[in-house]
Amino acid sequence: ALTCFSEGTKVPAWGCCPASWKSFGSSCYFISSEEKVWSKSEQNCVEMGAHLVVFNTEAEQNFIVQQLNESFSYFLGLSDPQGNNNWQWIDKTPYEKNVRFWHLGEPNHSAEQCASIVFWKPTGWGWNDVICETRRNSICEMNKIYL
């Protein structure tokens, strides 16, 4: 089932997301509360026609964190496969040209090769490098479907 929104006068005029997904910009987002390791989280997104979230703007991240529970951390579509501080977005978005919201002092450990977003007091939401084999919630992102 799709939920569609009229997107004004441009054609196509309807932007749709699967039911229970959140709509923002040209994307749809699914907040998964199933705790899985990073690779299984990504596989779960792919099975739904999506990928782990890629943040392109501060506004996008601000929208997402409003949907999150401060008690949990959520995998992002960002990893450092070799552990050499060469971070890569899952959709090949250039990391160096993209936004970065690491918590102060992060990323800080070469064994922590996956990124999560987590709420820390008093600074609030930010990214932390974590071990990919830990189980966390995740955020999937797909392109909005236009009708």
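This is a predicted model: local features need pLDDT of at least 70, side-chain atom pairs count only at pLDDT 80 or more; totals for chains, interfaces and linings use all residues.

1. Asn-98 sits in the loop between strand 7 (88–89) and strand 8 (114–120). Leaving aside residues up to four places away in sequence, Asn-98 is in contact with Val-54, Phe-55, Asn-56, Trp-89 and Thr-93.

2. Now for the salt bridges, of which there are two. In one, the side chains of Glu-34 and Lys-36 meet at 3.0 Å, N to O. Lys-36 is buried, at 18% relative accessible area, whereas Glu-34 is partly exposed, at 47%.

3. The other pair is Glu-96 with Arg-100, where the closest N and O atoms are 3.9 Å apart. Glu-96 counts as exposed, with 61% relative accessibility, and Arg-100 as partly exposed, with 36%.

4. Which residues of helix 1 (residues 38–47) are buried? They are Trp-38, Ser-41, Glu-42, Asn-44 and Cys-45. Viewed down the axis of helix 1, these buried residues fall within an arc of 155 degrees, so they line one face of the helix. Their packing partners are strand 4 (27–36), strand 5 (51–52), strand 6 (74–79), strand 8 and strand 10 (136–143). Just after helix 1 comes Gly-49, with a positive phi of about 80 degrees.

5. Next, the open sheet: three strands in the order 1-2-11, with antiparallel pairing. Strand 1 (2–6) and strand 11 are the edges, and each has a single partner strand, so one side of each lacks a neighbour in the sheet. Five bridges join strand 1 to strand 2 (residues 14–18) in the antiparallel sense. As for Cys-4, its bridge partner in strand 2 is Cys-16.

6. Last, a look at the surface. Leu-2, Trp-14, Ile-145 and Leu-147 make up a nonpolar patch there, and together they have about 380 Å² of accessible area. Ile-145 belongs to strand 11 (residues 145–146). Buried, exposed or partly exposed: where does Ile-145 fall? Ile-145 is partly exposed, with a relative accessible area of 32%. Members of a patch need over 30%, so Ile-145 at 32% qualifies on that count.

Terms used. Residues are numbered from 1 along each chain as its sequence is written. Side-chain values use heavy atoms; hydrogens and water are left out. Patches are made of residues with over 30% relative accessible area and no salt bridge: like charges are joined within 9 Å, nonpolar side chains (Val, Leu, Ile, Met, Phe, Trp, Tyr) within 5 Å. Accessible areas come from the Shrake-Rupley method with a 1.4 Å probe; for residues, only the protein chains shown count as cover. A salt bridge is a side-chain nitrogen of Lys or Arg within 4 Å of a carboxyl oxygen of Asp or Glu. Helices (H or I, at least four residues) and strands (E, at least two) are DSSP runs, numbered from the N terminus. Buried means under 20% relative accessible area, exposed over 50%, partly exposed in between (1.4 Å probe, protein chains only). Two strands pair if DSSP finds at least two bridges between them. Contact means heavy atoms within 4.5 Å. The arc is that of the directions from the helix axis to the C-beta atoms.
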